[in-house]
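Please look over the sequence and the structure shown here. The report that follows describes a few of its local features in turn.

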Amino acid sequence: IPDFAISSRSGVKSVLLFSELPIEELMGVSIGFSGNGETTPALLRILCNFRYGFEPKIVPESTQAELVIGDEALMAVAQKRWEGWHVTDLAELWTEWTKLDFVFAVWIVRRDFVENPNFSKTLTALRESKAWGMSHRPEVIREAQQTLPLPGDFLASYFGSIQYSLDGKCIQGLNHFYELAAELAIIPHPVKVENLLHVRTLL
């Protein structure tokens with residue numbers, strides 16, 4: 001769906017690599033990742049292969065390096081749990097290297113649902129929710145603190161580092177990510193995001 005995404009043009013503090021050595025020196029070093037999802041390990045593989053020239057060794061657990069995402073990463077940064085270790089923000093590394101946005105999430109619907117009367121209602125609700133969140137940041141932060149006990153200024157900085165629209169730079173970043181992922185056989189073939197935005201004329 002056009003206009004909706006979670007992306008970054010800088011670091012976000014929630015997709016982090018903690019390591020005893022700098023990332024460029026991690027060839028052969030076990031990197032632990034116990035989280036869910038495949039996007040973050042794929043991003044690490046792409047950065048290590050194409051920027052630093054080696055395939056990272058990703059394992060369930062490691063004492064030498066750890067890939068940490070989401071709330072756990074935010075808590076680790078705020079509480080300085082990895083004091084003295086190298087901290088690499090993978091989103092920041094991607095944007096510095098490619099000069100493109102990194103997209104963490106998009107909103108997708110089946111083609112047959114686009115013609116369903118409920119689609120326009122869902123789209124309206126999404127737009128209203130996004131607009132409310134953008135204009136009520138203090139309330140969003142207070143709600144987040146109910147489950148994530150972090151300082152308000154820290155969460156304000158985190159939410160402020162995220163982009164919420166699927167614009168041209170996002171699409172370029174996604175396309176480039178898919179191209180590199182296909183080269184590493186992470187996905188079977190590249191994807192052109194603009195070819196999927198068939199609902200644009202219906203919005």
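## Aromatic pairs

W82 is partly exposed, because its relative accessible area is 24%, and that value lies between the 20% limit for buried and the 50% limit for exposed. This structure is a predicted model. W85 has a relative accessible area of 26%, so W85 is partly exposed as well.

A search of the whole structure gives 11 aromatic pairs. W82 and W85 make up one of them: their ring centres are 5.0 Å apart and their planes stand at 70 degrees, so the pair is edge-to-face. An angle over 60 degrees is what counts as edge-to-face. F177 and Y178 also form an edge-to-face pair, with 6.1 Å from centre to centre and 65 degrees between the planes.

## An aromatic cluster

Are F177 and Y178 buried or exposed, or in between? F177 has a relative accessible area of 10%, so F177 is buried. For Y178 the value is 22%, which makes Y178 partly exposed.

F177 and Y178 belong to one aromatic cluster, together with W94, W97, F102 and F104.

## Charges over rings

Two lysines are placed over aromatic rings. K13 lies over the face of F154, and the distance to the ring centre is 5.8 Å. The charged end of K130 sits over the ring of F4, at 5.4 Å from the centre of that ring.

F154 is part of helix 7, which covers residues 152–160. Its relative accessible area is 14%, so F154 is buried.

Which residues are in contact with F154, leaving aside its neighbours within four places in sequence? They are K13, L74, V77 and A78. A144 is 10 residues from F154 in sequence, and the two are 11 Å apart in space, C-alpha to C-alpha.

An open sheet is formed by 3 strands in the order 7-1-8, with antiparallel pairing. Why is one side of strand 7 and of strand 8 left without a neighbour in the sheet? Strand 7 (102–106) and strand 8 (162–163) stand at the edges and each has a single partner strand, so one side of each has no neighbour there.

Strand 1 consists of residues 5–8 and pairs with strand 8 in the antiparallel sense, over 2 bridges. In this part of the sheet, S7 stands opposite Q163 of strand 8.

Notes: Residues numbered from 1 in each chain as written. Predicted model: local features only at pLDDT ≥ 70, side-chain atom pairs only at ≥ 80, totals over all residues. Heavy atoms only, no water. Pairing = 2+ DSSP bridges. Helix = DSSP H or I, 4+ residues; strand = E, 2+ residues; numbered from the N terminus. Phe/Tyr/Trp six-rings, centres within 6.5 Å; stacked < 30°, edge-to-face > 60°. Buried < 20%, exposed > 50% of the residue type's maximum accessible area, 1.4 Å probe, protein only. Lys NZ or Arg CZ within 6 Å of the ring centre and 35° of its normal. Contact = heavy atoms within 4.5 Å.
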